Amino acid sequence: MPVRELVCVGAIVMLGWCLCGPASVCADEVPAKFFDEQVKPILVNRCLSCHGADKKGGLDLRTKAALLQGGESGAVIEPGSPQESLLVDYVQSEEMPPKKPLSDAEVAILTRWVARGGYFPDEPLDIFALTTETRAGYDWWSLRPLSTVLPPSPDEIGASWSQHPIDCFVRAALHTKGLSPSPKADKRTLIRRATYDLTGLPPTPQEVAAFEKDQREDAYDRLIDRLLASPHYGEHWGRHWLDVVRFGESRGYERNEVIDNAWPFRDYVIRSLNDDKPFDQLVREQLAGDVIGPGEIDVEVGTAFLVCGPFDDVGNQNPEQAAQSRANTIDDVIRATSEAFLGLTVGCSRCHDHKFDPIRQTDYYSLYATFAGIQHADRELGTEEQKEQRAGQLAPLTKRKEELQKEFAKFEGELTAAAIKRADEFVGDWLRPPASRRGTEEVFPPVLARHVRLTVDGTDVNPAANIRYRIDEFEVWTSERGTSEGPSRNVALADNGGQAIGKNFVAEDFVGAYVAELTIDGKFEPPWIAAGPELVVTLAENETIDRVFFSSDRSGAAGDQFIATFVGEYQIDVSLNGEDWQAVASSATRQPVTEAHRNKRIVEHLITDQQRQRRADLTTQLAEVDRKIAEIAPLPTWWVGTFKEASGPFHVFVGGSPQKTGEVVVPASPSVLKQATTGYHLAADAPESERRRQLAEWITAPDNPLTPRVLANRLWHYHFGTGIVDTPSDFGFMGGRPTHPGLLDWLAAQVQSADWKLKQIHKLIMTSQTYQQQSAFEEIAAGIDADSRYLWRFPPRRLSAEEIRDTLLAIAGKIDFTAGGPGFRLFRYMQDNVSTYLPLDQFGPETYRRSVYHQNARATVIDIMTDFDAPDCAFATPRRTETTTPLQALTMMNHSFIIDMARFLAERIEAEGPPEQGGGESAPAKTAAQVRRAFELALARGPDQRELNAAALLVEKHGLAALCRAMFNTNELIYLD
């Protein structure tokens, strides 16, 4: 017996040993059919995970040739002789497969196969061919074509509830669980539910009263139509889509700089939904709007989808790290696209073939090749006519500016050339070493001084600059001859009473950073970063001094890096009164720091008055041209990305590392849907625009089953709180399974038949009895279906963070319905090298807009929003979490925004005129009316007698604002039945 090898040979051994009995071999069996129906599922399910591409033990079972070749121990089967096959011993001994042996029936099938000659098809076996116990294949439920299922008839489910197609599907599923639907909700519940569901806002008391009085049969249909026609519909449902596509208005990563021109994409999404733009068109515009609608600003803005995620803009100088950073950027686009539109976790194939879904690593890098031309940047948008008109206005000015620049450059070049010719004449004047970052000393005759001034006329990196230089310490030393107090002292030190004044760059997030006082603190870090040309040090008293010493990199750690930029040209002056100054030292006798500094010195020495005037004239003319250029209105420049041709060839990155290239790939559709839809395969040199256009067309193709399934499920998710598939962006093996698969496919088909217009689907869902049920809890039903996934009741939910905030603004009468445009901020933005977002403590009217218009930055905490689970837009959020924490209660009770809104609500109620009389005789009429109004505004209903009495007592003792604050803290306000 050959040496046994620990490989899944066991699964193969099964193929080759058959002692099974009686009629093992049927003469009329077709080998190909037998293999496809019985052998192939076993090989794919139990063997190929180890003995496919991984070739464990050197064994590959994907082709007959490889099978006969065997592994490290040679051949593993002998066709026609199962008793001679190595596999047999492993299978019978249950050594292989190692974790779960094959069943007797499976062993019999494989043995029969070997005994009959081991037929194997010409095409290699594909581990993705079939769904197994551990992974999805091409036949996975979500990858199949849409079924043509029809709603069950009432007769089929044995009950009559509603003829609505959705109700028939739901009732059939309830029937199998032994559950029954709940009664229809009352009108007050329905209008509140529908209004929040479609607009994210509470209904007004007037709207509630009108709906309750409306006895027309189509009153509810009319309500849905009115809400779908509201501009607030797009605002609310736009927020859902912005969650899905990870839209944020800062760059993320360590710098996290705010992006002030990304808001047009948010407005585009809202406008598209309000206009009921077909969703397949929306998809195409987001992937290739610049291609399908060049010059159409309302179409091109869609490509912001590609660049609205986080990206690292630090600019790593290490080529390997820069390549990795670029790969991470493209990875974000691949994940966003595949998850948002297809519900596939393609990103899991970045380093290897997907472990659970039929997605190859080559699929990932084909998408990488598709998106490789995307650059995160803003882009000027406009029609061709607009661009031509502006170009025409700019052309003569640009030409004149170029002429002046050439003339100026020629003039300065002539001055510099003359300076170079006469450089030798000045070398004798520059005998001292150049200014040094590690320390520059100036010694001068003893002088009595109270003030010492450094004036900079050029940094060591730019002779024309006098800001952004650093000084870590500026020392002023007393003269030993001028003092009887012993050795020389550094009298500039703050510890010795010195004071330093100089303009500095401000870091709002770090008070005291970069200030001039750092030059006299006796430490070498951090330095003063100058925002002006002067540093003035004032001594505690008049001192006789004869030396100053200053530096920007005393330790030498920074070397020649920009972070240690130092002075290049300077002068030291002293004064007793701070008004009359005397020069005591300068860099004039030092060697220039660079040739540029040398040339500038000589030019300034040689230049004539006529030449100075010529320089001034040219400078004035250039400034005038720049002014005229600035007067020409620019075209919109928005954060929608730029695109450039991506040079190939493109490769698989082995292990996900750009430094390890493998197989060559070209732009192509993922193979995951190859059994359901027609794909595409482009040449390696296909234009960048064509790559994205082809992808967009493939995603929205009529025979692509994933896109309408995923979209239908998202709609269901937002209407009922949980989708038919509870993982909205993962329809793969590790995602959820559909509770109502027939309903999901039927809804997907309705999406397509409605030309991808969503408002029809909203109404279809919301007019079902399933949607209009009560949400009352029933213990027995909950014991069967605790999460109401099968919809025996309407699942109650808590309002989202945005809905809670908007509700408070609305009922307080303070909400600002200004739509579109740049967003408002609930934070104070501070930027230095990195960005800081400080939550506001007080909120003015400029922050009272709807929450969707907030400028959401990544990695920020925004009090009430974050407390109620508003997601961090650093990541896509297809399904929000819902937590219950003590902080939420504390926020709703004590936050300044809550207190403000409670006061405004009280003022609104008091200002709405004389109270109505009647009812609640146990409380004064005015107070009772105010209580009723508070309940109507906050809860869309009036109080019962017990609530009226308790609330009136609270108002009498603590005021109306206290009642309003208490109303904000009720579950009924923030939960939707």
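Predicted model: local features only at pLDDT ≥ 70, side-chain atom pairs only at ≥ 80, totals over all residues.
**Aromatic pairs**

I searched the whole structure for aromatic pairs and got 33. I then looked at two of them in detail.

One of the pairs is Trp141 with Phe731, at 5.4 Å centre to centre and with 35° between the planes. Where do Trp141 and Phe731 lie in the chain? Trp141 is in the loop between α6 (104-115) and α7 (154-157), and Phe731 is in the loop between α24 (706-720) and α25 (741-753). The two residues are 590 residues apart, so I noted the pair as a link between distant parts of the chain. Buried or exposed? I checked Trp141 and Phe731, and both are buried.

Next I took Phe550 and Tyr570, which form an edge-to-face pair. Their ring centres are 5.4 Å apart and the planes make an angle of 90°. This pair links strand β8 (residues 534-551), which holds Phe550, to strand β9 (residues 567-575), which holds Tyr570, across 20 residues. I found both Phe550 and Tyr570 buried.

I also noted one aromatic cluster made of Phe35, Trp113, Tyr119 and Phe120.

**Charges over rings**

I looked up two cases. Lys187 lies over the face of Phe211, 4.9 Å from the ring centre. In the other case, Arg692 has its charged end over the ring of Phe643, at 3.8 Å from the centre.

**Largest pocket**

I read a volume of about 1,000 Å³ for the largest pocket. Its lining has 40 residues, and Leu48, Ser49, Cys50, Ile127 and Arg135 lie nearest the centre. Which elements give two or more residues to this lining? They are α2 (31-46) and α3 (48-51). The largest share, six residues, comes from α2. By residue class I have 17 nonpolar, eight polar and 15 charged in the lining of the largest pocket.

**Second largest pocket**

For the second largest pocket I wrote down about 870 Å³. I listed 39 lining residues, with His717, Gly721, Arg797, Arg880 and Glu882 nearest the centre. Two or more residues of this lining come from each of α12 (231-244), α24, β15 (797-798) and α28 (801-811). How do the lining residues of the second largest pocket divide into nonpolar, polar and charged? I have twelve nonpolar, twelve polar and 15 charged.

Methods
Residues numbered from 1 in each chain as written. Heavy atoms only, no water. Phe/Tyr/Trp six-rings, centres within 6.5 Å; stacked < 30°, edge-to-face > 60°. Helix = DSSP H or I, 4+ residues; strand = E, 2+ residues; numbered from the N terminus. Buried < 20%, exposed > 50% of the residue type's maximum accessible area, 1.4 Å probe, protein only. Lys NZ or Arg CZ within 6 Å of the ring centre and 35° of its normal. 1 Å grid on protein atoms, 1.4 Å probe; cavity = no way out; pocket = protein on both sides within 12 Å on 5 of 7 lines; lining within 4 Å. Points joined across faces, edges and corners; volume = space filled by probe spheres on them. Nonpolar A, V, L, I, M, F, W, Y, C, P; charged D, E, K, R; others polar.
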